[in-house]
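Please find below a short note on the structure, meant for someone who has not looked at it before. It is arranged as numbered points.

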Amino acid sequence: MDMIIISQMVLAGIAGAVIYTVIGIAPGTDETAVLAPVTIALALMGISPYVILAFFIAAIVAKKLTDSIPVAIAGIPGGVMAAPMVEHAMVLKKHGMPDVSIKKMSSGSVIGTLISIPASFLIANLIIPYADKISEYAGLIFFLGAIFLAFMTKNKILSLSIIIPFALLIQGLRHLYWGLEVVPPDVTVFVSFFLGITIGPIAFTLFELLNKEHRKQLLRMGDKEIQLKDSKKEKGFPNPFKILTKEETATSAFGSFLGSVTFFLTPVGMTVFLGELLTRHIKDPVKRASRAISTMDGLTNASYISGTLIPLIAIGLPLSPMAIGPTAGLFNAPPVFTPEHNIHHILSMGEIMTATVIGAAIALLITFYVTIKFAAQICAFVFKVIPHEALIGLFAGLVVMLAFMDGGWLNIFGVILIALVSGLLHRNGVNYGVLFMVLYAAPWLLGVLS
């Protein structure tokens, strides 16, 4: 690894940190929707794997550091993973402490990053001896993963019952494309189907607006007023270990380690479960809220990083909810990355560690400093100047472009079909993770059934 590659990784880390600092603050930006398309696009552009990994790690650390800002200020999650913290953040806001809430959550994220990176490499080393056996049964593991995640969703019966029909839809479209010679017989359309699932809820909501009767029933609201309180100015570079109490630091570190160990489970579920478990004994509402948000933010950061790094280092297959969602482009972005040839196979463990440390360090230095110093100002800028619809349109346009690259004009309509089905299922309580697992398991599952 020469200095040119290292300098490129540094620049990629800076770009990822800056871009996703802004995106993280934008309300409601789903992690998969804003990370997966960009990662896949970078891979298809032929960018160096070193650079892509450094960019991604910086992006996810920055995103997780800043998606807590709109939670603390306005009670609006900056991403799916920030939703469990809303209730506790509102307790602190009620007591006039939104600035404290931002500092506690951001500091928890730093703890989560610092704990999860070494923990991920340690756990990955323990798994490596079993990697070949795990890879051999990948199809079965994905199928079992779909069943497992189905039992953890809101609508368990629907989640279980759609596994085979959704697999039929995926493989049916692929065989249609092969039969019509839209794509060669040796090409399997994957990326655009994956992104179709990602934009499912958005696509379903937009198509609902075409129904005149549905539009009439929608609630009309004016501009939402959000009051921003000036936070106290911090002198020098903020120190997360001084912002958090010793108890908060210990709980954040412990929660982060547990989040790394349980990388194969759903991050949202573990955040809610462990966050509440580790803080329910505290009676004072302010102390409990402070402990809960710092612990939860550390846990979410840790589960995202470990869910990326452990499968990437040890197996090379996306065997975690994080890996089959936002991180999917690191494992499968054909023809550049495939399950048999991706970053796991291209980079050594030392090279993965170097890219990870560079990306994470840059994001922590830039985003943590900016978050603590200028959270209210940045939040006001994003709320006033950057429409949520503009971000949705940007990523939706990227999905359409990648769908065309994958299978031409016909595939755009195929992706719309998958998006609408996924959106309807998601609306009725089926988790993203179930659909992603079925996408991976579909060839094996229908091969067994046939």
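This is a predicted model: local features need pLDDT of at least 70, side-chain atom pairs count only at pLDDT 80 or more; totals for chains, interfaces and linings use all residues.

1. Two packed helices are described by the angle between their axes and the distance between the axes. For helix H1 (residues 3–25) and helix H3 (residues 49–66), the angle is about 30° and the axes are 7 Å apart. An angle under 35 degrees counts as roughly parallel, and H1 and H3 are therefore roughly parallel to each other. The crossing of H1 past H3 is right-handed.

2. Which residues make the contact between H1 and H3? On the H1 side they are Ile5, Gln8, Met9, Ala12, Gly13, Ala15, Gly16, Ala17, Tyr20, Thr21, Gly24 and Ile25. H3 contributes Tyr50, Val51, Ala54, Phe55, Ala58, Ala59, Ala62, Lys63 and Thr66. Sorted by class, the contact of H1 with H3 holds 14 nonpolar, six polar and one charged residues.

3. H3 also packs against helix H6 (residues 98–127), at an angle of about 150° and with the axes 8 Å apart. This angle makes H3 roughly antiparallel to H6, since angles over 145 degrees are counted that way. Here too the crossing is right-handed. Val61, Lys64 and Leu65 of H3 meet Ser106, Ser109, Val110 and Thr113 of H6. The residues in the contact of H3 with H6 comprise three nonpolar, three polar and one charged.

4. An α-helix has 3.6 residues a turn, so residues three or four places apart point the same way. Helix H5 (residues 86–94) has Val86, His88, Ala89 and Leu92 buried. These residues cover an arc of only 165° around the axis, and so they lie on the same side of H5. Glu87 and Lys94 are exposed on the other side of H5.

5. Where do the buried residues of helix H12 (residues 200–208) sit around its axis? The residues concerned are Gly200, Ala203, Phe204 and Glu208. Their arc around the axis is only 135°, which puts them on the same side of H12.

6. Val261 belongs to helix H15 (residues 246–261). Val261 and Ile346 are 85 residues apart along the chain, and their C-alpha atoms are separated by 25 Å.

How values were computed:
Residues are numbered from 1 along each chain as its sequence is written. Side-chain values use heavy atoms; hydrogens and water are left out. Axes are lines fitted to C-alpha atoms, for helices over the stretch in contact, and angles run from 0 to 180 degrees between N-to-C directions. Helices (H or I, at least four residues) and strands (E, at least two) are DSSP runs, numbered from the N terminus. Angles under 35 degrees count as roughly parallel, over 145 as roughly antiparallel, 65 to 115 as roughly perpendicular and the rest as oblique. A crossing is left-handed if the near helix is turned anticlockwise from the far one by less than a right angle, and right-handed if clockwise. Contact means heavy atoms within 4.5 Å. Ala, Val, Leu, Ile, Met, Phe, Trp, Tyr, Cys and Pro count as nonpolar, Asp, Glu, Lys and Arg as charged, and the others, Gly among them, as polar. Buried means under 20% relative accessible area, exposed over 50%, partly exposed in between (1.4 Å probe, protein chains only). The arc is that of the directions from the helix axis to the C-beta atoms.
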